[in-house]
Amino acid sequence: MATNPAYSAIGKRLPKQDSESLVTGEAKYLDDLKLPGMLYGRIFRSPHPHALIKRINTAAAESLPGVKAVITADDTEKVKFCHLPVTPNKLALNDEKVRFVGDEVAAVAAVDWETADKALGLIEVEYELLPAVFDPLEAMQPGAPQIYEDCDNNIPARIARNFGDVDKGFAEADYIFEDTYKTPLIPACSIEPHCCIASFDHLGNLTFWVSTQNPNNYQKALSQVLKIPQNRIRVIRPKVGGAFGNKSVILPMDPIAAFLAKKAGQPVKLVNSREEEFTTTRGRYAMVIQLKTGVSRDGKLLAREAKVITNNGAYNNKATGISLLTSNRIGNLYRIPNSRTEAIIVYTNTQYGGAMRGWGGPQAHFAVESQMDTIAEKLGMDPLELRLKNANQTGDTTPWGWLIASCGLSECLEQAAEKIGWQEKRNLSGLRGVGIASVLHTGSGSAGTHGAGNFSEVLLKVYSDGAVGLIVGESDIGQGSDTVLSQIASEVLGVPLNKITVASEDTNFTPPSMGTWGSKVTFISGNAVKMAAEDARLQLAAAAKRILEVGDDARFAFVDSRIHLEGSGQSIGIEEASNYCVQKFGKPVTAKAVYEPPNANPPDPKTGFGNYCPTYAFGAQAAEVEVDPETGRVKVLRIVAAHDVGKAINPLLVEGQIQGGVAQGMGYALFEGAREKDGRVVNDNFTTNKILNATEMPWMEEILVETLDPHGPFNAKGIGEPPLIATAPAIANAVYNATGVRIKELPITPDKILRELIIKREAEGCSSEKE
């Protein structure tokens, strides 16, 4: 590991720059905004999972006093859309058929919410019901209801990957393990629901306020669906009250708001109800993973094969990319020479999935890390030892072509195990146990998943008073990226954080960007900020040389807003140099930088071989649990989360990301998941779809392993998503250590544990009687 140089801003535990405005209520979210003449919109949704639309009558709704617009598909452009432009199949409002409970059919705009709600009750729709299918395994079978006429067996995509000689690996294995794991659909549960406001001016230009993590993507998508040129659409992002990937692409409600505003001639606001959040937005995909692994007697992984079956739901969004990411996590975590995966996407008449923190990693790791413990037990090996024996290492090239430039997996495993008390607690009595799990994820976004690159563009300007403005395309959606990017600029220019501002909320001013996703902002945008700041520093240094009348070989240090001539004791203020540039050079100090990692490229589209991430994040988490034998309830006593962060730009914010990730990971392990009956989500509120609150968090410890990535800005990696990925398998393994029962389907609810405990006790009783 390289040594840490002395930094002035990097590595400092600084609070988020906007923290005070958040806790005092000064920050304004979208639902705080009200425009003159603004109307309120509601969406009429299908009550059926699969039906033909025979007739729609909106006359009664239109005649209701206070209603200003009622629209159906005939009032829209009927452009099908999807996150991936090659597979669009969703209309803003459906015209012929509905495919899940909650599908959009019509919409109203009225003078208030109450009138809009009343108008929805006056819309009449005649349906012809069709047979429906909800389970992906059933939907794949011959004779299952067809959701799309041109899609045999309801399978729109099937992606196979094959590296090494898998059959030879299995042939040489001493043991082969085969298991099936299931994970549920997970709603994002942002405290702020999806919301938007659409407003047209007299020229037909659209201003669109939306709670999103990707304003530029919204501008582009709205342009396509509304058939309005991009330059006539302005997207503004207020504060975002949680996103977790779920606010990265448009929902039907977004163009619906615009179509309503167009017809009414007034601004229209749409805000999802909490029930609509649970039933119609796009959560983490439910998956069935059939996993097969071959190992040698001494614990060396020789071959792994996986079939990943993804419940796509009714419409396309991100299932193809995310299922592929699930596959590549399975094939690249640990040193596995031979890997074969097949990802199968399946339509069902259910709510459709999308991006949700982790991008296929949580599903993959639950399967792989659960099976690792099963393998260790069969071999009579400590699960920690098995993981360390096969751990990825710095300098590795995986069979998939991944270049591991830095890797702290072994250190994370060792430190997490030590802190949890691994050796002492593995054989605790009283249904208490400990478990551990590894994680591999991108630390820098990825090239190839979207087919749109992995770049960031940053504009920087130095004001006449020496303050600095950054204009970036990536949004701070609560994770603190504005503070981190400011720290990077501060380190280069020697300007304190209170003199640096970040703007990222308006597509009229911000450069094109990829948005905030994939744990990329610190790495990708951070590198762009560093490059722009270094450019500005050169401009300021040129002015300093002229002011101080020194030669080109002079060297400067930028500290406390001053430019110090090294070895002389002389200095000038940054504002003096900035003004000199304007007055003498005729050019203000501005800089522009575009960063696209030079060491990563989209993998080969046919084989999947290639290095698609500039860096990879590793980590390990250990959990200690206690299981109540009477109720089956799992109490998590403590979590130790050790993560390879490259270099922590701001340890305080990194720890916050880890704490939030662990909270979500615990919910994934024990509580969360959409439950459906006949295609209808029955737990559509926070009472029946429980998420963890602050008082329920266990004792936890965060360990930051700094591997100093050679490509990251000041050696940093992204840490947005990895902290939640290892939590569920670590808890599952701890439950097994405590009880001896293995739960292969999330969430690990008390009824599942009790059922398995009863089966186990009956088996042990039978065994004892025979003896």
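Predicted model: local features only at pLDDT ≥ 70, side-chain atom pairs only at ≥ 80, totals over all residues.
Sorted by class, the contact of α6 with α7 consists of seven nonpolar residues and one charged residue, with no polar ones. As for the geometry, α6 covers residues 215-226 and α7 covers residues 253-264, and the two pack at an angle of about 55° with their axes 10 Å apart, which makes α6 oblique to α7.

Let me turn now to the loops, starting with Asp506, which sits between β19 (500-503) and α15 (521-548). Is Asp506 buried or exposed? Its relative accessible area is 8%, and because buried means under 20%, Asp506 counts as buried. Setting aside residues up to four places away in sequence, Asp506 touches Arg234, Val235 and Ile236, and with the side chain of Arg234 the Asp506 side chain makes a polar contact at 2.6 Å.

The other loop residue is Gln393, found between α11 (383-390) and α12 (409-420), and at 26% relative accessibility Gln393 is partly exposed. Its side chain reaches the backbone oxygen of Ala391 at 3.4 Å, while its contacts, leaving out neighbours within four places in sequence, are with Arg335, Ile404, Cys407 and Ser410. Finally, Gln393 and Val492 are 99 residues apart along the chain, and their C-alpha atoms are separated by 31 Å.

Terms used. Residues numbered from 1 in each chain as written. Heavy atoms only, no water. Helix = DSSP H or I, 4+ residues; strand = E, 2+ residues; numbered from the N terminus. Buried < 20%, exposed > 50% of the residue type's maximum accessible area, 1.4 Å probe, protein only. Polar contact = N/O pair within 3.5 Å; in protein donor to acceptor, adjacent residues only side chain to side chain. Contact = heavy atoms within 4.5 Å. Axes fitted to C-alpha atoms, helices over the stretch in contact; angles between N-to-C directions. Parallel < 35°, antiparallel > 145°, perpendicular 65-115°, else oblique. Nonpolar A, V, L, I, M, F, W, Y, C, P; charged D, E, K, R; others polar.
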